[in-house]
Amino acid sequence: MGPGDLSRALAALPIKSDPRLLVGRETFDDAGVFRISDDLALVQTVDFFAPIVDDPFDFGQIAAANALSDVYAMGGQPLTALNIVAFPTTQLPLDVLGQILAGGQEKVHEAGALIVGGHTVIDTELKYGLSVTGRAHPDFLLTNAGAKPGDHIILTKPIGNGILATAGKAGKLAPDNERAMLAGMKTLNGSASRAALAVGSRCATDITGFGLLGHLSHISRASAVTIRLDSVSVPILAGVRDAARAGFGTDGAKRNADYLRELVRWAPGIDEYGAIFNDPQTSGGLAVFVKTSQSANYLSRVEGSVVIGEVIDRGEVAIEVQ
């Protein structure tokens with residue numbers, strides 16, 4: 001489902017206001033935030049999907065890291081998680097389920113959180129993910145509405161894992177490129193989130209199913225700004241360009257591109273980046289918005305992070321790609 005489909009589905013639903021609800025669904029943020037007290041807010045999210053890799057333990061780790069990322073993207077710390085499983089009992093042995101759950105539990109424990117239960121249904125297609133609850137300080141959140149003109153945009157992981165995963169399913173992914181892809185998807189965004197708060201950031205998002213441009217467009221809308229992206233600076237996983245040229249992509253990327261068609265202005269001659277920048281990511285990095293005076297500080301705290309653009313006053317489009 002693309003961002004346009006989701007917007008249409010939600011349009012008819014009434015919104016109930018509550019002063020304790022600090023972040024709801026209106027801004028397409030990564031999680032909901034509910035104030036409990038002056039210094040405590042709950043951060044809540046849920047995410048699950050079908051396998052994108054063959055190894056069940058790897059799949060469990062990736063799915064868990066992906067779900068935990070939504071809490072980190074809001075500036076929160078995960079506390080508890082509930083497993084969500086759809087499992088084809090007549091097609092796969094239960095050992096596969098055990099390995100998936102073990103992978104997910106390992107990643108949740110790495111985050112300092114606990115698995116406290118879950119729910120399983122029989123289905124024709126395997127799916128796994130988590131509902132995660134975290135905590136945050138109400139005055140120190142990372143939201144889609146916090147970007148300011150002059151901010152630098154920093155990306156903490158290279159993109160393109162959707163394209164690589166598609167190539168991998170066709171047996172066209174080099175082992176070294178697969179290992180790099182898996183390592184990135186398994187890496188938690190906890191340190192990137194804590195670094196954002198440490199340098200005074202109030203805006204971030206994780207790059208997942210809507211792709212780099214889709215998630216940046218949500219920030220553009222919520223913050224009423226335009227984002228200027230430097231295409232050459234965006235880090236891209238090894239092998240992605242070749243795989244994209246060979247035609248490996250997803251329907252999700254096409255839906256993302258359709259939604260963004262009127263929202264993005266491309267500089268001449270850089271159309272090759274379209275498939276990559278719209279590529280749905282699984283357990284991608286954070287896009288963190290920081291004051292220019294704090295960019296070097298943030299980059300020194302998060303290995304592999306790169307400045308990919310800047311925020312400017314709201315113009316004719318949501319995103320300018322140069």
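**Buried residues, salt bridges and a helix pair**

Student: Val 290 first. Is Val 290 buried or exposed?

Tutor: Val 290 counts as buried, at 2% relative accessibility. Buried means under 20% relative accessible area, exposed over 50%, and partly exposed in between, with a 1.4 Å probe and protein chains only. This is a predicted model, where local features need pLDDT of at least 70, side-chain atom pairs count only at pLDDT 80 or more, and totals for chains, interfaces and linings use all residues. Residues are numbered from 1 along each chain as its sequence is written, and side-chain values use heavy atoms, leaving out hydrogens and water.

Student: Which element does Val 290 lie in?

Tutor: Strand β11, residues 286-290. Strands (E, at least two residues) and helices (H or I, at least four) are DSSP runs, numbered from the N terminus.

Student: And what is Val 290 in contact with, leaving aside neighbours within four places?

Tutor: Asp 151, His 152, Ile 154, Val 199, Ser 201 and Ser 295. Contact means heavy atoms within 4.5 Å. Take His 152: its C-alpha atom is 5.4 Å from that of Val 290, though the two are 138 residues apart along the chain.

Student: Next, Ser 193. Which helix is Ser 193 in?

Tutor: Helix α6, residues 190-198. Ser 193 is buried too, at 2% relative accessibility.

Student: What does Ser 193 touch beyond four places in sequence?

Tutor: Its contacts there are Tyr 72, Gly 75, Gly 76, Leu 142 and Leu 286.

Student: Switching to charges. How many salt bridges are there?

Tutor: The structure holds 13. A salt bridge here is a side-chain nitrogen of Lys or Arg within 4 Å of a carboxyl oxygen of Asp or Glu. Side chains of opposite charge can pair when their charged atoms come close.

Student: Which residue does Lys 107 pair with?

Tutor: Glu 110, with 2.9 Å from N to O. Both lie in helix α3 (residues 94-110), 3 residues apart, about one turn of the helix. Lys 107 is buried, with a relative accessible area of 5%.

Student: What about Lys 127? Which partner has that one got?

Tutor: Glu 125, with the closest N and O atoms 3.8 Å apart. Lys 127 is buried at 19% relative accessible area, whereas Glu 125 is partly exposed at 42%.

Student: And Arg 179: buried or exposed?

Tutor: Arg 179 is exposed, at 52% relative accessible area. Its salt-bridge partner is Asp 176, with the closest N and O atoms 2.2 Å apart. Asp 176 counts as exposed at 54%. Both sit in helix α5 (residues 175-186), 3 residues apart, about one turn of the helix.

Student: Which residues do shared partners join into one network?

Tutor: Arg 228, Arg 265, Glu 310, Glu 316 and Glu 320, through salt bridges that share partners.

Student: Back to α3. At what angle do α2 and α3 cross?

Tutor: Roughly 40°, and their axes come within 7 Å; α2 covers residues 56-73. Axes are lines fitted to C-alpha atoms, for helices over the stretch in contact, and angles run from 0 to 180 degrees between N-to-C directions. That makes α2 oblique to α3. Under 35 degrees is roughly parallel, over 145 roughly antiparallel, 65 to 115 roughly perpendicular, and the rest oblique.

Student: Which residues make the contact?

Tutor: Among them are Phe 57, Phe 59, Ala 64 and Leu 68 of α2, and Ile 100, Gly 103, Gly 104 and Lys 107 of α3.
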